[in-house]
Amino acid sequence: MSDAKTIAKVYSGYQAALHAANAADFDDLLLQTAAMLKQSAAVREECRARWQYLLIDEYQDVNALQVDLVRALRCAAPGLTLVGDDAQAVYAFRGASPKHLLDVDGVFPGIATVVLERNYRSTQQI
(Lines give C-alpha, C1' and ligand atoms only; values in the text may rest on other atoms or scores of the structure.)
Protein backbone atom coordinates (compact mmCIF):
# COMPACT_ATOMS: atom_id res chain seq x y z
CA MET A 1 0.00 0.00 0.00
CA SER A 2 1.38 3.43 -0.92
CA ASP A 3 2.04 6.12 1.65
CA ALA A 4 -0.84 8.21 0.28
CA LYS A 5 -3.26 5.29 0.56
CA THR A 6 -2.10 4.55 4.09
CA ILE A 7 -2.53 8.18 5.09
CA ALA A 8 -5.99 8.30 3.50
CA LYS A 9 -7.03 5.15 5.36
CA VAL A 10 -5.74 6.43 8.70
CA TYR A 11 -7.36 9.84 8.14
CA SER A 12 -10.69 8.24 7.24
CA GLY A 13 -10.58 6.17 10.43
CA TYR A 14 -9.61 9.24 12.44
CA GLN A 15 -12.54 11.22 11.04
CA ALA A 16 -14.91 8.32 11.75
CA ALA A 17 -13.68 8.12 15.35
CA LEU A 18 -14.17 11.87 15.81
CA HIS A 19 -17.69 11.65 14.41
CA ALA A 20 -18.54 8.65 16.62
CA ALA A 21 -17.33 10.55 19.68
CA ASN A 22 -19.22 13.69 18.62
CA ALA A 23 -15.85 15.44 18.75
CA ALA A 24 -13.88 17.86 16.62
CA ASP A 25 -10.21 18.61 16.31
CA PHE A 26 -8.65 22.06 15.94
CA ASP A 27 -8.90 22.06 12.14
CA ASP A 28 -12.55 20.99 12.30
CA LEU A 29 -13.33 23.80 14.73
CA LEU A 30 -11.81 26.34 12.34
CA LEU A 31 -13.44 24.90 9.20
CA GLN A 32 -16.88 24.42 10.73
CA THR A 33 -16.87 27.89 12.31
CA ALA A 34 -15.80 29.50 9.04
CA ALA A 35 -18.51 27.66 7.14
CA MET A 36 -21.16 28.65 9.68
CA LEU A 37 -20.14 32.33 9.60
CA LYS A 38 -20.05 32.32 5.80
CA GLN A 39 -23.43 30.63 5.41
CA SER A 40 -25.43 32.50 8.03
CA ALA A 41 -25.64 36.27 8.20
CA ALA A 42 -27.70 35.94 11.38
CA VAL A 43 -24.99 33.95 13.14
CA ARG A 44 -22.32 36.34 11.86
CA GLU A 45 -24.21 39.38 13.17
CA GLU A 46 -24.94 37.69 16.51
CA CYS A 47 -21.24 36.97 16.99
CA ARG A 48 -20.27 40.50 15.99
CA ALA A 49 -22.77 41.93 18.47
CA ARG A 50 -21.59 39.58 21.23
CA TRP A 51 -17.88 40.30 20.83
CA GLN A 52 -17.31 44.01 20.36
CA TYR A 53 -13.56 43.66 20.81
CA LEU A 54 -11.18 41.10 19.37
CA LEU A 55 -7.59 40.64 20.53
CA ILE A 56 -5.50 38.18 18.57
CA ASP A 57 -2.02 37.50 19.89
CA GLU A 58 0.75 35.84 17.85
CA TYR A 59 -0.89 37.10 14.65
CA GLN A 60 2.26 36.24 12.69
CA ASP A 61 1.22 32.59 13.11
CA VAL A 62 -2.28 32.76 11.62
CA ASN A 63 -3.20 31.07 8.36
CA ALA A 64 -5.55 32.28 5.62
CA LEU A 65 -8.58 30.56 7.17
CA GLN A 66 -7.92 32.24 10.50
CA VAL A 67 -7.63 35.62 8.75
CA ASP A 68 -11.02 34.95 7.16
CA LEU A 69 -12.46 34.18 10.61
CA VAL A 70 -11.13 37.47 12.00
CA ARG A 71 -12.56 39.29 8.99
CA ALA A 72 -15.95 37.62 9.50
CA LEU A 73 -16.01 38.46 13.20
CA ARG A 74 -14.51 41.92 12.92
CA CYS A 75 -16.28 44.58 14.85
CA ALA A 76 -16.06 48.28 14.12
CA ALA A 77 -12.69 49.92 14.70
CA PRO A 78 -11.13 50.38 17.23
CA GLY A 79 -12.39 46.98 18.39
CA LEU A 80 -9.64 44.98 16.71
CA THR A 81 -6.17 44.51 18.18
CA LEU A 82 -3.61 42.28 16.51
CA VAL A 83 -0.29 41.55 18.20
CA GLY A 84 2.63 39.88 16.52
CA ASP A 85 6.26 39.83 15.51
CA ASP A 86 7.00 38.76 11.95
CA ALA A 87 10.48 37.62 13.04
CA GLN A 88 8.95 35.02 15.39
CA ALA A 89 6.75 33.11 12.94
CA VAL A 90 6.97 29.36 13.65
CA TYR A 91 3.85 27.71 12.21
CA ALA A 92 4.56 27.69 8.47
CA PHE A 93 4.09 23.89 8.53
CA ARG A 94 0.46 24.60 9.45
CA GLY A 95 -0.08 27.12 6.65
CA ALA A 96 0.65 30.18 8.78
CA SER A 97 2.55 33.08 7.32
CA PRO A 98 3.92 36.34 8.71
CA LYS A 99 2.65 37.99 5.51
CA HIS A 100 -0.75 38.18 7.19
CA LEU A 101 0.76 40.42 9.85
CA LEU A 102 2.72 42.46 7.32
CA ASP A 103 -0.38 42.92 5.09
CA VAL A 104 -2.73 43.86 7.92
CA ASP A 105 -3.26 47.42 6.59
CA GLY A 106 -4.60 46.01 3.31
CA VAL A 107 -6.91 43.51 4.97
CA PHE A 108 -8.17 45.82 7.70
CA PRO A 109 -8.08 49.38 6.33
CA GLY A 110 -7.86 52.08 8.96
CA ILE A 111 -6.23 49.90 11.59
CA ALA A 112 -3.50 51.75 13.47
CA THR A 113 -0.06 50.18 13.62
CA VAL A 114 2.08 50.59 16.72
CA VAL A 115 5.63 49.30 16.38
CA LEU A 116 7.48 48.58 19.60
CA GLU A 117 11.17 48.93 18.89
CA ARG A 118 12.33 48.27 22.44
CA ASN A 119 12.44 44.82 23.99
CA TYR A 120 10.60 45.08 27.30
CA ARG A 121 10.91 41.38 28.13
CA SER A 122 14.64 41.43 28.66
CA THR A 123 16.85 44.06 30.22
CA GLN A 124 20.58 44.38 30.72
CA GLN A 125 20.21 42.92 34.22
CA ILE A 126 18.88 39.61 32.92
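Residues are numbered from 1 along each chain as its sequence is written, and side-chain values use heavy atoms, with hydrogens and water left out. In this predicted model local features need pLDDT of at least 70 and side-chain atom pairs count only at pLDDT 80 or more, while totals for chains, interfaces and linings use all residues.

Visitor: Which pattern does the protein chain follow along the sequence?
Guide: Helices (H or I, at least four residues) and strands (E, at least two) are DSSP runs, numbered from the N terminus. The protein chain has six helices and two strands. Read along the sequence, the pattern is α-α-α-β-α-β-α-α.

Visitor: What is the radius of gyration of the protein chain?
Guide: The radius is taken over C-alpha atoms, and the globule rule is 2.2 Å times the number of residues to the power 0.38. For 126 residues the rule gives 14 Å, and the chain is well over that, so it is more spread out than a compact globule. The radius of gyration is 19 Å.

Visitor: Is Asn63 buried or exposed?
Guide: Asn63 lies in the loop between strand 1 and helix 4. Leaving aside neighbours within four places in sequence, Asn63 is in contact (heavy atoms within 4.5 Å) with Arg94, Gly95, Ala96 and His100. Buried means under 20% relative accessible area, exposed over 50%, and partly exposed in between, with a 1.4 Å probe and protein chains only. Because its relative accessible area is 12%, Asn63 is buried.

Visitor: Is Val90 buried or exposed?
Guide: Val90 lies in the loop between strand 2 (80-82) and helix 5 (99-102). Val90 and Gln60 are 30 residues apart in sequence and 8.4 Å apart in space, C-alpha to C-alpha. With a relative accessibility of 55%, Val90 counts as exposed.
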